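Subject: Structure for you to look at

Hello,

Here is the structure I said I would pass on. Please open it alongside this email.

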Amino acid sequence: MKRTLLIATAMTGFAFAAQAAEVTVLGWGGAYTKSQSEAYHKPFTAETGITVNSVDADNPATPIKAQVEAGNVTIDVASVEFADGIRLCDEGLLEEIDHSILPAAPDGTPATDDFLPGSLTECIIGTDVYATVFAFNASKFDGNAPTSIADFFDPAAFPGKRGMRKTAKANLEMALMADGVPAAEVYDLLGTDEGVDRAFAKLDEIKDMIVWWEAGAQPPQLLADGEVDMSTAYNGRIFNAVVGEQQPFEIIWDGQVYEFEGYVIPKGAPNMEEAKAFVAFAAGTEALAKAAEWISYGPPRVSSGPLVGKYFDGSIEMGPNLPTTAANLTNALASSNDFWADKDTELNERFNAWLAN
Amino acid sequence: MALPKHASTLERVWHYTYLVICGLIFLFLIAPILIVIPLSFNAEPYFTFTQKMMSFDPEGFSTRWYDLLLTFGMSAPDVARDGSWWADVWQNSAWVQAAKNSVIVGVFATIFATVLGTIAALGLSRPEMPYRRLIMAILISPMIVPIIITATGLFFFYSSIQISKWELFGWQIPYLGIILAHATLGIPFVIITVTATLVGFDHSLTRAAASLGANPRTTFFKVTMPLILPGVISGALFAFVTSFDEVVAVLFIGAFDEQTIPRQMWNGIREQISPAILSVATILVVISILLLTVLELLRRRSERLRGLSPG
Amino acid sequence: MGKQMTDTANSLDNRPTQAEIDLTTVDGTPLKAALANAQKRARRRALFLVLPLLLFVLITFLAPIGQMLLRSVHNPSFSDHIPNLSVWFDENPAGTEPGEAAYEALVLDLRSMRADKTMGIAGTRINYDLPGSRSLFTSTARKAGALEPPFQEAVIATNEKWANPKLWQVMRGASSAYTVDFYLAALDRTRDVNGDIVAVDDDRKIYAANFLKTLFLAGLITFCCLILAFPVAHLLATLPLRQSNLLMIFVLLPFWTSLLVRTTSWIVLLQSQGVVNDTLVATGIVADESRIQMIYNQTGTIVAMIHILLPFMILPLYSVMRPINPSYVRAARSLGATSWTAFRRIYLPQTIPGMGAGGLLVFILGVGYYITPALVGGASGQLISNFIAFHMQKSLNWSLAAALATLLLLMVLLLYWLYDRLVGIDNLKLG
């Protein structure tokens with residue numbers, strides 16, 4: 001007993017004193033977490049005095065599910081892709097969030113009318129629209145640079161390495177679009193076995209040239225190091241590498257897949273009240289607009305749109321770089337939440353078998 | 001290993017070929033470890049030798065990556081470097097935090113492993129020990145069982161008992177799960193090194209002490225302990241290094257904010273191997289050189305002591 | 001304690017012979033009984049010293065692993081949510097054509113799943129055995145509230161997959177929480193409509209081949225380590241102690257250096273913009289645009305693992321080679337053997353215990369490797385441990401992860417048992 005006491009006393013010297021009120025937010029790391037930290041975490045702490053612990057994961061949806069199912073929840077709020085959020089909600093792993101706690105727009109429009117259609121569900125509060133695009137390192141190509149999604153899947157014309165996310169989602173859609181399938185028909189086709197076979201056949205053509213990434217911070221790094229010539233990536237990460245670090249990357253706005261992302265609260269979150277307060281704060285018009293000044297993801301509120309100005313350092317107008325800008329949507333695909341909520345498990349099984357063989 | 005005078009030409013050729021082969025294998029062993037040291041002083045964010053580095057231009061070298069280790073995660077890294085700057089480093093720098101956590105976890109895991117392991121080794125080395133073989137096999141198994149299996153088991157176990165919410169006098173014990181896991185992983189090393197020391201241990205010494213009137217406690221601290229101490233210390237060092245280098249259990253059972261040096265490196269390697277990782281690697285290499293030196297001194301001391309001991 | 005010690009000492013020094021059988025100790029007890037008592041005490045005392053650690057390991061190591069093993073045969077995520085269907089399964093033997101009663105039970109259960117938000121969990125369990133079923137459960141559960149009798153037609157109208165006899169066979173299997181299906185999955189097997197065990201489709205095969213690949217790579221790495229370790233260990237064993245201790249640093253420094261540091265080093269060396277490729281390009285051996293891919297594939301895993309495991313081979317070999325008396329080889333030479341014959345017939349056989357010890361140790365460690373393949377293995381260099389981690393952390397199919405882990409554990413324990421039999425755990429040496 002004496003030793004235990006001794007240990008306890010010794011350790012308090014190092015340990016952080018227990019905070020009065022805190023909320024733990026799980027994000028995606030890198031530039032994306034940075035944007036949320038600047039737009040939500042810091043102002044939230046300044047306003048309420050509640051400390052925000054910011055932690056990161058490759059895809060926050062999986063640790064959330066693991067924690068709730070294992071019965072040991074330490075996360076209060078997590079940032080997830082919509083399809084994942086809907087799936088977790090279906091499985092009863094998420095807290096339902098009452099939309100009446102969300103602040104109205106400055107002009108008084110209630111939040112439920114102000115958020116873009118589809119960006120609010122019973123469990124998820126939208127924070128942004130992001131796109132999985134492909135980008136290339138301009139210093140690797142002189143003159144003959146790729147211009148379309150078909151080029152990404154063309155091993156003959158572009159023999160270099162390319163990075164892709166190690167998952168089925170977005171890759172299968174991009175493969176089909178590269179194979180000439182119009183965006184509007186992609187999900188109908190992917191719903192059939194032939195469509196899935198066709199997507200994998202297209203991926204097969206470049207399989208040997210792919211470097212797989214898992215965390216969103218990896219593709220800009222792979223491009224910068226010269227490990228790959230081009231890579232699929234979240235558009236905001238590429239934007240930040242170009243504007244923030246002057247990297248010679250270029251985004252191809254063709255055949256990209258865009259989707260909402262939002263905050264969820266896992267069932268049994270240890271700081272439920274603070275979590276709800278945080279989510280409501282982050283859903284405010286100004287907060288959402290401010291996040292879009294730190295990374296090029298579009299805000300999901302109508303009233304936030306006009307407030308988005310330049311990149312936080314004042315160097316560049318954000319508008320043309322958002323995935324929601326009309327000029328960027330000529331051949332783009334809106335990710336189908338229902339499709340992925342249902343098919344994620346089985347298509348990833350197939351994907352992993354394909355990867356291993 | 002000199003060549004005998006009567007060696008034939010063929011034997012001579014083979015002998016030198018053999019030495020060259022051995023040299024290449026030594027190079028294979030050591031070069032990857034030493035290569036990170038110069039590269040960590042690269043002024044450019046590349047992992048290869050730049051033109052300036054090759055020509056020993058001082059401009060090609062810099063300590064910026066070591067500086068980044070301090071400033072990464074700081075709240076105000078750009079102010080003048082006075083006392084409050086260093087306080088900021090101590091409080092907020094991500095790598096300094098990780099180092100603190102690693103040391104806390106390592107020290108407590110080592111204490112658990114060494115104390116329990118040494119006592120058990122004393123029992124195991126007695127000739128009367130029943131089921132010795134089986135018990136030894138069980139106690140060594142944490143070293144043999146793949147770490148992924150251990151980590152998986154611990155993930156379910158610690159989740160089900162909610163170890164992260166355990167309290168001691170109303171104070172939540174941080175890192176408890178990781179400490180216990182690392183203690184378990186360190187135990188085989190303590191057992192192996194201490195029983196190895198005890199192989200040469202002359203049990204009549206304790207009997208002599210007892211017959212001269214020493215109580216068991218005195219006998220242990222005055223006779224047994226000094227003799228097995230080198231083994232205990234090297235076992236403790238092994239246990240500490242095991243904990244200090246362990247990442248899989250931390251990834252599976254550590255809370256998100258329980259960052260350790262290996263976990264921080266793991267994230268760094270996966271996401272961006274900036275030369276900052278190489279500077280951490282360099283620091284760790286220097287630490288392992290120090291450890292190696294300590295171990296060598298211990299080994300010599302142990303041999304000397306055993307040379308003196310009777311029997 | 002002091003007296004006990006003396007007792008033990010006496011009893012050991014004066015082993016009773018047949019003639020002394022009647023001897024007694026000072027206090028009058030027969031010597032034989034006193035001896036037995038003393039030994040019992042000594043055994044108890046030895047055991048008592050080991051007990052705390054044994055308990056510690058039991059609680060923090062054996063129990064968690066046991067609990068995990070249980071998970072591989074126990075998965076209640078479907079059986080917990082089907083109160084009505086399980087009644088129907090109990091009342092009707094396997095092979096019964098599901099009729100209206102079965103579909104009514106199904107609809108009732110789907111409605112309660114919808115209310116409790118458990119259809120995703122239950123559907124996922126069925127999806128493990130019959131891919132494509134998860135979406136069937138979630139979509140039908142959403143519509144279940146509006147379905148009207150007759151339920152059989154109504155349910156099949158929402159999705160004709162419900163009429164699939166395979167689905168009903170899988171649901172019957174999952175209606176019990178205890179199952180061996182995850183072991184079947186871990187060996188790329190499944191059940192067909194009749195419940196017979198068959199191989200899965202070729203485009204879904206992963207694990208059986210990966211087990212073989214893991215064994216093959218571990219074997220290859222062990223072999224390479226042996227080839228590399230032998231000359232080095234021989235050199236260290238034959239050099240004078242002072243020189244060999246100095247050279248030993250080359251072996252011990254890698255041994256003591258962090259695994260992550262060594263893996264980082266290999267990335268720095270082998271990546272396409274790394275030191276080796278740069279050197280090859282600078283010397284003109286390789287063109288700039290055709291840099292060699294040596295990492296993020298199987299090659300990367302093999303090279304880095306050989307480097308990391310090599311000391312585990314050198315050290316046991318060295319400790320066996322050091323005491324080999326050089327005069328045996330000299331004697332063979334003087335009797336006319338060529339140096340090759342002397343080496344092959346005299347020296348090599350004496351090193352076999354070292355090769356066995358090192359080889360088994362490297363193989364055991366190699367089979368369970370995780371970190372290095374995860375960081376440098378890319379898609380083709382993944383071992384079975386990486387698949388366990390994948391199902392633990394990404395797909396969250398924990399029962400399959402547990403089944404794969406159990407199979408891996410069995411493999412390792414078999415090797416461990418072999419090691420104990422052939423080498424002896426006592427002879428495990430570090431540094």
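Below is what I found in it, starting with confidence and then going through the chains and their contacts.

**Confidence**

This is a predicted model. The scores are ipTM 0.89 and pTM 0.88. Chain A has a mean pLDDT of 89, with 94% of its residues at 70 or more. Chain C averages 88, and 94% of its residues score at least 70. Within chain C, helix α10 (residues 207-238) has the highest confidence, at a mean of 95. The lowest belongs to helix α1 (residues 2-13) of chain C, at 45.

Two stretches call for care. In chain C, pLDDT is below 50 over residues 1-12. That stretch still has 16 contacts in the model beyond near neighbours in sequence. In chain A, pLDDT stays under 50 over residues 1-19. There the model has nine contacts beyond four places in sequence. Where pLDDT is low, the predicted coordinates should not be read in detail.

**Chain A**

Chain A has 14 helices and nine strands. Its radius of gyration is 21 Å, close to the 21 Å that the globule rule gives for 357 residues, so chain A is as compact as a globular protein of that length. Along the principal axes, its C-alpha atoms fill a box of roughly 70 × 55 × 40 Å. Buried residues make up 55% of the 357. Take the contacts in chain A between residues at least 6 apart in sequence: 73% of them join residues at least 24 apart.

The contact between them takes 20 residues from domain 1 and 17 residues from domain 2. On the domain 1 side, α2 (30-48), α4 (82-90) and β4 (125-137) of chain A each supply at least two residues. α4(A) gives the most, with five residues. By type, the domain 1 side divides into eleven nonpolar, four polar and five charged residues.

**Chain B**

Chain B has 13 helices and two strands. What is its radius of gyration, against the value for a compact globule of 311 residues? Chain B has 25 Å, whereas such a globule would have a value near 19 Å. The C-alpha trace of chain B spans about 80 × 70 × 40 Å along its principal axes. Of its 311 residues, 44% count as buried. Among chain B contacts between residues at least 6 apart in sequence, 70% join residues at least 24 apart.

**Contacts between chains**

Start with chains B and C. The contact takes 82 residues from chain B and 79 residues from chain C. On the chain C side, helix α2 (residues 31-73) of chain C gives the most, with 20 residues. That side has 55 nonpolar, 18 polar and six charged residues.

Now chains A and C. Here 29 residues of chain C are in contact with 24 residues of chain A. Two elements of chain C give two or more residues to its side: α5 (119-129) and α6 (133-144). The largest share, five residues, comes from α5(C). This side of chain C divides into seven nonpolar, 15 polar and seven charged residues.

**The interior**

One helix to look at is α18 (residues 384-393) of chain C. Eight of its ten residues are buried, so α18(C) is largely enclosed by the rest of the structure. The buried residues include C:Ile384, C:Phe387, C:Ile388, C:Phe390 and C:Met392. C:Ser385 and C:His391 are buried too. What covers the buried residues of α18(C)? The cover includes α7 (147-161) of chain B, together with α10, α17 (371-376) and α19 (398-422) of chain C.

The largest nonpolar core has 285 residues. A:Val279, C:Leu309 and C:Leu404 touch the most other members. Leaving aside neighbours within four places in sequence, A:Val279 is in contact with A:Val77, A:Ile97, A:Ile125, A:Tyr263 and A:Ile265. Another core, of 28 residues, lies apart from the largest one. Among its members are C:Phe89, C:Ala105, C:Met119 and C:Trp168.

Best wishes

Note on methods:
Residues numbered from 1 in each chain as written. Chains lettered and ligands numbered in written order. Predicted model: local features only at pLDDT ≥ 70, side-chain atom pairs only at ≥ 80, totals over all residues. Helix = DSSP H or I, 4+ residues; strand = E, 2+ residues; numbered from the N terminus. Rg over C-alpha atoms; globule rule 2.2 N^0.38 Å. Buried ≥ 20, exposed ≤ 12 C-beta atoms within 10 Å, placed from the backbone. Contact = placed C-beta atoms within 7 Å. Nonpolar A, V, L, I, M, F, W, Y, C, P; charged D, E, K, R; others polar. pLDDT = per-residue confidence, 0-100. Core = buried A, V, L, I, M, F, W, Y, C linked by C-beta atoms within 7 Å.
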